[in-house]
Amino acid sequence: MGGRLRHRPIDPQDRPVTLCPTGRLAALLLGVTGCTPSIDPSWLITGPRELALDVEVIGQGPYGQPIIDTSRSSRDALPLDTLSLRPIVIDTEGPIEPESLDGRWILCSGLGNCLLRDRELDGPRCTGTSIQPAAPCIFDEGGPATLTIPDVPPLLPEISTIFTLVSGPTVAYVASPPEGPGLDACIARFEARERLDGCLLMERALGLGPLGELVETLEAAGFDLGIDEGAESLLARPRNRNPAVQTLQVMYGTESVEVNAGARVVVPRDQEIRLTVQTTEEDLDAYEAMVGDQTVLFSDNLDAQWWFDQEVDRLDELPNRIFTSFRAGTATGTVRVYVVVRDNLGGEGWGFVDLELD
Amino acid sequence: MVGTDRRDELPRRRFARSAWAMLAVALTVGAPRAIEAATTEPATSEPATTEPAPDCRSTRCGALRGEVRVAGQRIPLPDAVVVVMPAPPGAELGPFRPRPEQTEQETEPAWARSQRSDTAGTFAFEDLPAGRIRVAILAPGYERRDEIVEIAPGEATTLRLYTPPLSGAPFRTVVSARPVPRSQVTEHVLTAEEIATLPGSQGDPLRALQNLPGVARPPAGLGLLVIRGAAPSQSQVFLGGHAMPRAFHILSLASVFPADVLDELHYVPGNFDAAYGNATGGIVVIEPRRGRRDGFHGYGELDLSAASAMVEGPVGKGSFILAAQRAYIDGVLATAAAVSERVTGEPSDLLLPRYYDYQGLLDYPLGNGAWVAVRAFGSGDVLRSRNSPEVAETSVFQLRTDFHRLDLVFRKRRQGWRVRLTPSFRFENNRLVAGADTFRRRRRDAIGSVRAEVARALGPRAELTVGTDFELDGYFALDEQAELGSSGDELPFTETRDRGLQSSLGVYGTVLLQLGRLTLRPGVRWNGFSVGDRFAFAVDPRGVAGIDVSDRWRIDLGLGRYSQVRSIADRNEVDLVDQGSGIQGASLFLPSAFGNLDPAVTFAPQDSQLNAREALHASASVRYRIGDVGRAELTGFFRNQYNNVPPLSDGADNPFDSISRAGGVEALVRARLSEKLYGWVGYTLTFAELILLQAPPTFPYTRRPSDYDQRHNLVALASYVLPKRWRVGGRFRLVSGLPYTPVVGSVALPGGYQPIFGLRNGSRLPLSHQLDLRVDKKWIRDRVSVTAYVDIQNVYNRVNPELVLYATDFRREAGYVGLPIFPSFGVRLDY
């Protein structure tokens, strides 16, 4: 027992409703029987796995303030900015070179609409004129790619708020790893709704912004967005940057050491080990804004996902924290721990540390 | 007690030898069949005595007056042979069991007298010599009973003896109230004995039906009626002529009406009579029974999940039954979860079901062929989450659903007319609390309904039946949604209220024509449905024909139209069932058929167009009577159902009109080879599919297997009575897996992996098979009987897949989940 279950969200407008607590029913059945088969934990790397999608602004267009060069790459993009897209894929042997992937890049509208709803991966080539294409379009193939955000359209789509536009442009990536079935086979299986074993699929909302500069750009193009005065704090938000995994704190017993990502550190195999991503002000993108007559400090919320290349005894009480605790358990030799840090605006960064069990 | 009886004054010589012969055979301990044979022979004889008769002029005499009753039931046993004779030397007062050496040494007694008990089970002997005598009770179908009694001189000694029935006939025959006539091509009736003793059914009447052809094995072996590939919501259970709001308790754990209160249970998988409507699948017709008038009786029962009790008896010229059941499975599960938490240290989040039901029945004859009955019954269910403190904040969930119903039944037969009138009132109350108490829903219904039916013979070969059924439902629905951004203990809620009327009306007529070997029963039913100011209508002509080809062979054919108002539960047909829940580190997917295990509480009528689903039923059956022991039958069926889907405005993936089509073959060989052995073998072959009528060219399918497309279903079962009131039964099932929609891959999103589904119902769970065994033991005492049973499901612990588990990233199917071997046991006391 002990399954973490979720409720089906209930929309009062969606009446009438037939209750579907199927997960709970399953919990009842499984709780009674306790007969679940053994399943690899979600954080255990057993084959090629999509870790992150590195999205960086590598070329600025004519809109917005000049990007300040810092140690963190910019994630927010404005129309005509150029983005670098690098899929981060790992295997049991370590990271897979993005250039070795055989993939296809697709631009579409809205997270979840690229691969979960549409079944056409052989769509048209993108024309470069629509920020949110009505139907998915292909803009590149291979491994890493670049994408220039199309210019401000003459007409905005039927949207209720500008926020829909901000989160609208989405990229999807379908690929085969070097030892995989190949891109064509993956696409054929996807469209036939057959097993996609060995194929890689990722999807990310690109994130237009920063909001204030995007609003200025759109208003300069003649759109009346009707931004509420209460949105001042959001309009003051700076261009979002990707967080990074540069330094990790390794704690065991009374010991605490800080190591750079990618380093190897010796840890005792019989003690609880705690890893924490050391974050910086740049990761948090902190900024001040006036709320009423008060100055308030705003910053990003960060969370993290952890992966291990060997099975260990995880001791985490809550998921997705920027720290994790575990014991070596049955693991031997060196355990590689990957971590992806994400902010709440789409930025993400990744790193790893090798723990040599003593 | 009886008064002076002249029976023992009848000619004595004639019966003397047969009475002793009977007794001599019966003295052989452990030969009940011999007793039966011996007592059957002189059935028309009158009591007599052997010589020499005691001479009360020279000996002091007394009298013996007594009664014979059935042990465990306390009802009089008429026509039992009562033999009195001198007691063996040294015999103690009380029950007498001759030892084998005594039996061998036994010689013809000095005298013996016998007589038969009357209809009240009483007997009386005058002029018996004072002192100890032996009284022997002999009756076919009952165990021999011997008692040593002291006859006091000049006095009448009284005696009450209980004799237990032989193990082959532990079930009592009850008076059957004639149900509403039905026409059918295929109809199966389950007896009380079968319901109580079928392995794997736990004495539940509707679960027992799952052993018959045409009924699919439901997911996880729970209680659902999937008849001939139709969704459970498309079949109806009628109790006393009115549709039941729900036939099963929550999560389909048990029927809401216990087997002990039933008179008859008829299962009609298709082509049912025009008297029944608002169903396009099959129907189950249940008639409550009348209470016993031979004394006060009842039972109490305990098993792992519930306790139940019943009492019945006479009231004036009529009778009553009071019964109730209360489940405590929530307590059992909560305890198990608490133990698990303590042992594993893992928090648990579990659904706890609890239910009760009650029945109160009063039947009373009014004279002149009239009969009135008052029936009150109801059911209440609670499904609530049991949360460990770690998850209590986010998973508050509770569902309550109750109904209470009061029926009045008036029946009259006079001068060729047969009238039945049953007004009924029902109150339903449903309440949901979800989303950590940020969302609440309530619906209350006050429902009045009536069924009226008149039948009359139109001569020796024809009978006309006309009737109507009407239901008017006044509902009130209240939604309460916590306002966004609110916090604190007292959340502000936004209320939405809805109030209205919905109704259904049916008018029907059928004619029964008996033309020699040919029987025809054409009929028609007109249906009207309304919700507020929206209406739907349907006219359903139906008919069956049957012919007795010979004494052993019969052929039946049926063709008809059936309609049902569409309800929100039909959304299951259009791909709206939620699937996939993270559990125990994996993602679990249920076949769509699981959607019907939900409480299926519709809180407010659909706002869109009101339509009626329309189905064509065609079936043909060939039946062969296997002597007097059983029958074999082969039935072919076809159902073509136009779903008449109203436009859905909720962005559904598949808001297209559709046809549900099912066809197949059912075979059954059913026999009762002796009083001790019954069983059957049933097989169903079903093809059930959904055909989309409006799917655009890009839609991935235009036809797919139905959620209930269980291709093969083989059931073989038998129950056998062993000596000493042991009974053993077994059921073997071999069943195709249900279709399910596979997950073919996943998309890595920042929040985790989202599944990519394959074709709807594009995969099928593997074949499942399992053996269930049931062992009963009954102990009969004078006034009560005690039965204990063990019902073991899945004896050889076969993992029959019910659910599909995927690794969290959906890269592979991690395996299937099935129910393991599951023993249940219970104890029941009858009095």
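View 1. The score used here is pLDDT, the predictor's confidence in each residue on a scale from 0 to 100; helices (H or I, at least four residues) and strands (E, at least two) are DSSP runs numbered from the N terminus. This is a predicted model, in which local features need pLDDT of at least 70 and side-chain atom pairs count only at pLDDT 80 or more, while totals for chains, interfaces and linings use all residues. Residues are numbered from 1 along each chain as its sequence is written, with chains lettered from A and ligands numbered from 1 in the order in which they are written. Chain B averages a pLDDT of 81, and 80% of its residues score at least 70. For the model, ipTM is 0.83 and pTM is 0.80.

View 2. Over residues 1-20 of chain B, pLDDT stays under 50, and the model has 41 contacts beyond four places in sequence for them. Contact here means that the C-beta atoms of two residues, placed from the backbone, lie within 7 Å. Residues 24-51 of chain B also stay under 50, with 65 such contacts.

**View 3. The largest nonpolar core.** This core has 92 residues, and Val171(A), Ala172(A), Val174(A), Val337(A) and Val339(A) have the most contacts inside it. A nonpolar core is a set of buried Ala, Val, Leu, Ile, Met, Phe, Trp, Tyr and Cys residues joined through C-beta atoms within 7 Å; buried means that 20 or more other C-beta atoms lie within 10 Å of a residue's own. Strand E18 (residues 334-343) of chain A gives this core its largest share, six residues. Leaving aside residues up to four places away in sequence, Val339(A) touches Val245(A), Val277(A), Ala304(A), Trp306(A), Trp350(A) and Gly351(A).

**View 4. A second core.** A separate core of 76 residues includes Phe238(B), Leu239(B), Leu265(B) and Tyr355(B).

**View 5. A three-stranded sheet in chain B.** Here is an open sheet with the order E5-E1-E8 and mixed pairing, where two strands pair if DSSP finds at least two bridges between them. Strands E5 (122-129) and E8 (156-163) of chain B stand at the edges with a single partner strand each, so one side of each has no neighbour in the sheet. Strand E1 (residues 61-70) of chain B runs parallel to E8(B), joined by eight bridges. Arg65(B) stands opposite Thr158(B) in E8(B).

Conventions: Buried ≥ 20, exposed ≤ 12 C-beta atoms within 10 Å, placed from the backbone.
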